[in-house]
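Let's walk through this model together, starting where the two chains meet and then turning to how one of them is built.

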Amino acid sequence: MIRNLLLASAATLGLATAAAAQDPTEACFVYVGPIGDGGWTYQHHQGALAVKETYGDKVNVRWQESVPEGADSERVITQMALSGCDIIFTTSFGYMDPTNAVAAKFPKVKFEHATGYKREHSNVSSYNSRFYEGRAVVGHIAGRMTKTNKIGYIASFPIPEVIMGINSYYNHAKAVNPDVELVVTWVYTWFDPAKEADAARAMLDQGVDMITAHTDSTAPLAEIAKEGGSAFGFGQASDMSAFATNDDGSMGPRITSIIDDWSPYYVKRVGQLMDGTYEQIDSWGGMPEGEVVIGPMTDAIPADVQAEAQGMIEAITAGEYHPFTGPMFNQAGEQFLADGETIEDGPLLGMNFYVQGITAEIPN
Amino acid sequence: MDLSAIDPALLVAALMVSATPILLAALGEMVVERAGVLNLGVEGMMIIGAVTGFIVGFNTEVPALGFVAAAFASALLALAFGLLTQVLLSNQVATGLGLTLVGLGLSALLGKPYEGMKAPTLSQIDFGPLSDLPFLGPVLFGHDPVVYLSLLLVLVVWYVIKHTRVGLILRAVGENHDAAHALGYKVVRIRLAAIAFGGSLAGLGGAYLSLVRLPQWTEGMTAGAGWIALAIVVFASWRAGRVLIGAYLFGGLTVLQLNLQAAGVTIGVQYLSMAPYLITILVLVLITSGKGRGSHAAPASLGRAFQQSR
């Protein structure tokens with residue numbers, strides 16, 4: 001039995017080195033949800049497909065869906081490294097420690113971890129997207145369009161990534177509507193359609209009429225659709241254009257969307273690996289790099305608001321405007337950005353406080 | 001913090017809708033367990049119901065047909081479990097877990113072409129002016145037919161198990177299958193019927209998610225609802241009325257904590273989301289310690305294989 005196992009693993013290792021020595025390059029992806037979630041994982045998979053499309057036969061793309069964060073993911077990543085992957089993209093925050101642990105054992109394999117900050121070995125890079133740029137645009141739209149002056153944010157986990165999104169959303173709504181009130185609900189999951197819908201329902205029942213979600217499914221939009229046009233929401237991670245119009249042809253709940261486009265990054269990194277220019281990096285792209293895209297706006301948004309939003313998109317893309325520009329204050333009223341000062345990436349990545357005006361508290 | 005923003009009527013109405021899938025699934029599982037069978041495949045049967053209901057509802061544009069198809073499909077899947085565990089005498093725990101894996105995988109495959117589509121949904125029953133009553137209107141007269149069906153089923157299951165001969169036989173099989181067999185009852189056949197019934201209710205619960213609650217098909221959309229249903233059965237110490245309480249408590253606490261959050265309350269929210277599970281553990285402790293009213297509530301033959309020749 002043991003001898004058989006040894007033989008089997010020797011064969012696997014043999015295969016692995018053989019595959020590494022010759023083309024095609026093996027690019028592997030670990031997904032936290034199903035590709036069919038219509039949001040986060042779907043977009044990562046679009047990026048993977050773009051890699052295949054760009055490089056054709058020179059690259060093999062493999063993936064594993066619905067890998068739970070934690071110990072299971074370490075097994076999956078190890079298995080991928082053993083089976084000849086040259087570069088492994090792990091696409092959820094919770095894969096951070098497993099990715100680094102596996103990377104220590106496979107120094108020749110390149111590891112790329114999304115949305116994390118740990119790069120404990122020279123073969124681990126990290127990459128993320130400046131989603132808060134998109135939150136700024138939808139926050140502006142929400143602030144201009146709300147009739148009840150209550151806007152909502154369905155939040156997943158209290159991590160800096162989500163908190164900076166909440167701050168950006170609220171700040172840009174308040175800038176155009178001083179009376180706006182922000183309602184945050186924490187669902188403590190990235191993907192649970194029923195719970196996401198329950199969260200949207202709770203907000204709608206309390207008079208919230210503009211909702212953005214930081215979770216992965218389309219369920220909040222479906223719940224908003226039940227309001228029959230008195231409340232709106234935004235596509236999250238993916239365009240979610242199916243909710244732009246209702247079945248009867250009337251205006252749907254999705255008025256625009258924040259799209260994560262991972263294709264430019266994935267194509268670039270796999271290309272660098274193939275032509276030998278690959279280096280360890282910490283990448284944080286946004287609208288200028290084409291990694292954060294605002295989806296088509298529907299006519300539910302008044303023309304002047306559309307024009308303002310478009311102006312903001314252009315300013316951010318051109319690098320003229322940073323959504324965290326001072327003066328800005330925290331909830332205690334302490335100033336953390338001077339007039340005209342823009343935030344550094346370090347403090348932004350560690351953001352653990354709400355800005356002034358948000359009445360809720362961040363759960364521990 | 002603005003608690004006045006929470007409208008109790010809307011809260012109760014929302015929790016009834018939110019709890020209906022787990023209520024249906026838990027009720028079915030309770031009947032299965034009363035017959036002495038432990039089917040851990042509730043999650044798998046629910047999601048097969050969800051995908052079948054959506055596919056049929058989408059293609060026929062008649063949501064009611066979707067529910068019927070979902071009940072049949074999940075009953076069929078449950079019968080596969082029945083065949084393996086009752087006839088071929090496989091281990092119930094392992095087979096049940098396998099059923100969940102099969103259900104999740106199969107539903108993902110079947111549902112692929114239906115992602116991102118919208119199906120016609122059930123509309124609320126029109127009670128006329130009754131729906132406009134303060135409080136009672138939205139709570140009692142503002143729902144779709146399945147919510148009422150689920151409540152009716154609780155009543156029927158309670159009555160049948162407690163007051164009819166069929167219920168007595170079912171309980172006999174669950175408490176002591178050898179004795180029931182000696183009395184001439186067809187243990188395997190009765191258990192298969194219970195398994196099919198449990199499957200069809202899990203299927204209805206799943207279809208409620210994909211046709212009413214959300215309404216859409218997303219892979220893995222049950223997201224653990226089947227496991228909550230299993231917990232509710234234990235919580236309810238195998239009584240129909242308590243299944244209702246348990247389901248509304250589980251669903252209610254989720255809805256309540258989200259509403260409290262939306263109203264600006266943050267402290268204690270995590271504890272509130274934990275509460276149903278803590279209570280379930282507490283109930284389990286009470287049952288196994290032999291104290292309290294729920295003690296010895298578990299059917300004595302639960303999970304044990306029945307072999308006629310023994």
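**Where the chains meet**

Between chain B and chain A, 9 residue pairs are in polar contact, both residues at pLDDT 80 or more; a polar contact is a pair of N or O atoms within 3.5 Å, where within protein one must be able to donate a hydrogen and the other to accept it, and residues adjacent in sequence count only if both atoms are side-chain atoms. On the side of chain B that touches chain A, α1 (8–34), α9 (187–213) and α11 (240–262) of chain B each supply at least two residues. Of these, α11(B) gives the most, with 7 residues. Helices here are DSSP runs (H or I, at least four residues), strands likewise (E, at least two), and both are numbered from the N terminus.

A word on conventions: this is a predicted model, in which local features need pLDDT of at least 70 and side-chain atom pairs count only at pLDDT 80 or more, while totals for chains, interfaces and linings use all residues. Residues are numbered from 1 along each chain as its sequence is written, chains are lettered from A and ligands numbered from 1 in the order in which they are written, and side-chain values use heavy atoms, with hydrogens and water left out.

Back at the interface, 30 residues of chain B are in contact (heavy atoms within 4.5 Å) with 37 residues of chain A. Together the chains bury about 2700 Å², 51% of it on carbon and sulfur atoms; buried area is the accessible area (1.4 Å probe) that two parts lose on being put together, summed over both. K118(B), R213(B) and L258(B) supply 22% of the area that chain B buries against chain A, more than any other three residues. R213(B) also forms a salt bridge with D198(A), their closest N and O atoms being 2.3 Å apart. The rule (a side-chain nitrogen of Lys or Arg within 4 Å of a carboxyl oxygen of Asp or Glu) finds 2 salt bridges across this interface.

Now look inside chain A, which has 11 helices and 14 strands. An automatic or database assignment divides chain A into domain 1 (2–129) and domain 2 (131–260 + 291–349).
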